2 protein chains.
Amino acid sequence: MNDRIRHAGLRDKRMSAENAAALIQPGMTVAMSGFTGAGYPKSVPQALATRIESAHARGEDFRVKVMTGASTAPELDGVLARAQGIELRLPYQSDPHLRERINAGDLHYIDMHLSHVAQHTWFGFFGAVDVAVIEVTAITEDGHLVPSSSVGNNKTWLEQADRVILEVNRWQPAALEGMHDVYYGTALPPNRKPIPLLHPDDRIGEPWLRCDPSKVIAVVETDAPDRNSPFTPPDATSREIAAHLLDFLAHEVRRGRLQPQLLPLQSGVGNITNAVLMGLGEAGYRDLTAFTEVIQDGMLDLLKRGVVRVASATSFSLSPAAIDEFLDHVDYYRERIVLRTQEISNHPELVRRLGCIAMNGMIEVDLYGNVNSTHVAGTKIMNGIGGSGDFARNAYLSVFMSPSTAKNGAISSIVPMASHVDHTEHDVMVIVTERGIADLRGLSPKQRAQRMIDGCAHPDYQPMLQDYFGRACRESFGKHTPHLLGEALSWHQRFVETGSMRK
Amino acid sequence: MNDRIRHAGLRDKRMSAENAAALIQPGMTVAMSGFTGAGYPKSVPQALATRIESAHARGEDFRVKVMTGASTAPELDGVLARAQGIELRLPYQSDPHLRERINAGDLHYIDMHLSHVAQHTWFGFFGAVDVAVIEVTAITEDGHLVPSSSVGNNKTWLEQADRVILEVNRWQPAALEGMHDVYYGTALPPNRKPIPLLHPDDRIGEPWLRCDPSKVIAVVETDAPDRNSPFTPPDATSREIAAHLLDFLAHEVRRGRLQPQLLPLQSGVGNITNAVLMGLGEAGYRDLTAFTEVIQDGMLDLLKRGVVRVASATSFSLSPAAIDEFLDHVDYYRERIVLRTQEISNHPELVRRLGCIAMNGMIEVDLYGNVNSTHVAGTKIMNGIGGSGDFARNAYLSVFMSPSTAKNGAISSIVPMASHVDHTEHDVMVIVTERGIADLRGLSPKQRAQRMIDGCAHPDYQPMLQDYFGRACRESFGKHTPHLLGEALSWHQRFVETGSMRK
């Protein structure tokens, strides 16, 4: 008896990854599972890359369009990028090899709000989905699918794809069963209804993904870990940034603008937000909630200690040590964690209703509060906007954080004009660097600029920013948002030419 | 018997505009009614401006902070700007005198998403609201207020202000009573609930504004028209833009991506959208719906002819001729028009649920689809973002329209890099000029650029754009979003220096 593939008909469709990959043809649109290095297919993409390399060696063209939940791993984006097998990629990536290809101009990449992906697929904006390749933990007797460590867009991929390839990954804990909440109440306009979620831990759906067995063309068994990297303790700069943000939150509580339980937290991924989460634990907060995209080690720790009461997300991205902790106390965590589809985890309706505190990283911000989350020097994509726009636009508080400099001081994160804008001045409330905080709420552009220079900029760049701002206030064409157009992007140009924004 | 002030206690608070204005002190935050030249107070602001001018003549400082629904009229923004009486203005304006002051750097202006204003006030981000000055059509026996030609933020102003001044405007048709729907189900997080609106014409609230009579410090009677300008028939360029958009919508219907009744229409204000509305009528559409901000002449005409079945908005901005038509058939229109608060008319939850077709104007768009709605040459504010972001981000289709050139060809609306970004590449689907259309859905940045050049740019600027794009593709630092940073804003700089973007 196969305890992971409990449906007889689907058990009969087992085959090797190579045979499954052979069912994917050049030019197809392939929708895969995966969100933040969790729950992506582990073997079919690699077999597909091998198949593509052979085709290329024979002089044949072979590329596919690849859609996912968000970022994946070397076994998916990495191998397909190296095989030059991707024609179009969306909606997010963070793989070094794929990034290099994109920035060389070798393939098309569409950087999207993560809450838009499912509905734009349903709207038909990307054309037909030929094949879905979905990792699951198990298949039930009824043919329902137990999701693995992320849900992402899997519901949509399974419904929209003509054919389905399943990877059943024995490495994924069987205990994940019951943690997911897949909402089947979505519809196309004009038939949409309110989403009946009032609290971060409300369960509004089913623990499984529905799947028409007749669409399944292959079931591949795997036993391979997610891209789990060991947890890195926050560095000094991250802890300083976190300390400023925690001071600010405490101030908001004292002013009565936040309750002691705050509001549902959304936090991006990385060192700074880990430092913030650690800081919340140390500051004595209790019974917080999270309505976010990814549950990482820091969040698991807060759940363990009761600092966070419940956490909603779409992905579960843990270090090996945290996975052991999770498995040792799986019944405890199953009551406190809900994994949803990303159209629900990131839904504007829910982010605004719940009043999330959105905390995200950034590449740079300009004097007036326009945030660049994606492009180095306005042209080179880093990862993508991800869910930051879904949350920042609709949040109770939208916070963006970064060290005040990068590359050993060669880059200032506070610039005269952002070289690319992902979050406009209308969507940005609070900026934090290790130097301090700029609370931009209720401020006009020129007031914001002075706060940014005084509160957030690095001392090495403060005089340059003050000089620019002063001259712009005197000489700008219009003086609502003063700029000197001839030098607004000169810092970036200098960086491209000399490797430093410094004069 | 005063048929417009039917509440005895409030009848006793009648006084002159001068006496009411004397209750407003320097430095106060004054929240006024008004949205798109409709429903703004007609006499207290003018009396306040006179009072301010006298104070200034005596050498005293006197300025106030002014919050509204959106744009008002010469009798509010105009007189207060000329009196140099505004310290801070939000969230939108379109007055030439006020604009001039803002762009001279004389006062602070905060340009906001219109759906954010009420909640940011409730959140306490703007501090206390000292006085509300609200125009109403009538006061009922119970002290409820019959809104006038716009609802805007009036519910929030009445609830949040310490004191209330009412202007009862006899010019506003008594027949407006019953057309409004004021939703009292909003709350602060974490107590928010789904907004129970499923269709554009659902009534989910009450026809009156609630008001605590004890907060009312003055009632002023007026009899003055809204800022109604005569309707201008669309010019040839607007009709060309509309024709391209109508072709596109017809194409979407043929492809099955839209039903023949389309989806609820949102349209900005102006000549181009009037041409689109006229075109919808001529193209044979029936039973359309509108979920929008402002009902103008064009919409009234479509309602009359059954092209549009129902229209939801927050403001009613009609020409004198259209007002006559409205009054002649007021019972017909009362069944087909709902006026709501602007937090509901523009609510992201509802715009996404209903799947609006958002059609807005713009100042410029860059090759990659970043739209500037607000700033000429990146520095000089025109009006503001208004509701365009509320709608574009959450719409089923987000369309931005403009003639391909401005100022007799001296300005290209398609530029290498937007000099200010209000709608990022992530939020913009379709661009239309009189030259044609660029459908950007499902396209990567470089694909978008070529569509924009081929489909939308003016022939005078096409070679310059193609030259820039070609060189950027070869020489850009990163080639995901190719730019030459040294010349990305050079077109705007040339315009500032020479009055033309042409070389």
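Two residues are counted as being in contact when they have heavy atoms within 4.5 Å. In the predicted model examined here, 85 residues of chain B are in contact with 85 residues of chain A on this basis.

The size of an interface is often given as the accessible area lost when the parts come together. Between chain B and chain A, the buried area is about 7,100 Å². Carbon and sulfur atoms give 59% of this area. On the chain B side, the residues that lose the most area to chain A are R352(B), R393(B) and F477(B). Together these three residues account for 13% of what chain B buries.

The arrangement of the two chains was examined by superposition. Chain B is superposed on chain A by a rotation of 180°, with 0.0 Å of shift along the rotation axis and an RMSD of 0.0 Å. The two copies are therefore related as by a two-fold rotation axis. Within chain B, the C-alpha nearest the axis belongs to E349(B) and lies 2.2 Å from it. Both copies use the same surface, since 100% of the contact residues of chain B recur in chain A.

Salt bridges were then searched for, both between the chains and in the whole structure. Two salt bridges are counted between chain B and chain A. The side chains of E349(A) and R353(B) form a salt bridge with an N to O distance of 3.2 Å. Over all chains, the search of the whole structure finds 57 salt bridges. Within chain A, the side chains of R6(A) and E141(A) meet in a salt bridge at 3.3 Å, N to O. This pair links distant parts of the chain, as R6(A) and E141(A) are 135 residues apart. R6(A) lies in the segment before helix 1 (8–11) of chain A, whereas E141(A) lies in the loop between strand 5 (129–139) and strand 6 (145–147) of chain A.

The packing of one helix pair in chain A was also described. Two packed helices are described by the angle between their axes and the distance between the axes. For helix 3 (residues 44–57) and helix 4 (residues 74–82) of chain A, the angle is about 10° and the axes are 8 Å apart. Angles under 35 degrees count as roughly parallel, and helix 3 and helix 4 of chain A are therefore roughly parallel to each other. Helix 3 of chain A contributes P45(A), Q46(A), L48(A), A49(A) and I52(A) to the contact. These residues meet E75(A), L76(A), V79(A) and L80(A) of helix 4 of chain A. The residues of this contact comprise seven nonpolar, one polar and one charged.

Key: Residues are numbered from 1 along each chain as its sequence is written. Chains are lettered from A and ligands numbered from 1 in the order in which they are written. This is a predicted model: local features need pLDDT of at least 70, side-chain atom pairs count only at pLDDT 80 or more; totals for chains, interfaces and linings use all residues. Side-chain values use heavy atoms; hydrogens and water are left out. Copies are superposed by least squares on the C-alpha atoms of residues with pLDDT of at least 70 in both. Axes are lines fitted to C-alpha atoms, for helices over the stretch in contact, and angles run from 0 to 180 degrees between N-to-C directions. Helices (H or I, at least four residues) and strands (E, at least two) are DSSP runs, numbered from the N terminus. Angles under 35 degrees count as roughly parallel, over 145 as roughly antiparallel, 65 to 115 as roughly perpendicular and the rest as oblique. Ala, Val, Leu, Ile, Met, Phe, Trp, Tyr, Cys and Pro count as nonpolar, Asp, Glu, Lys and Arg as charged, and the others, Gly among them, as polar. Buried area is the accessible area (1.4 Å probe) that two parts lose on being put together, summed over both. A salt bridge is a side-chain nitrogen of Lys or Arg within 4 Å of a carboxyl oxygen of Asp or Glu.
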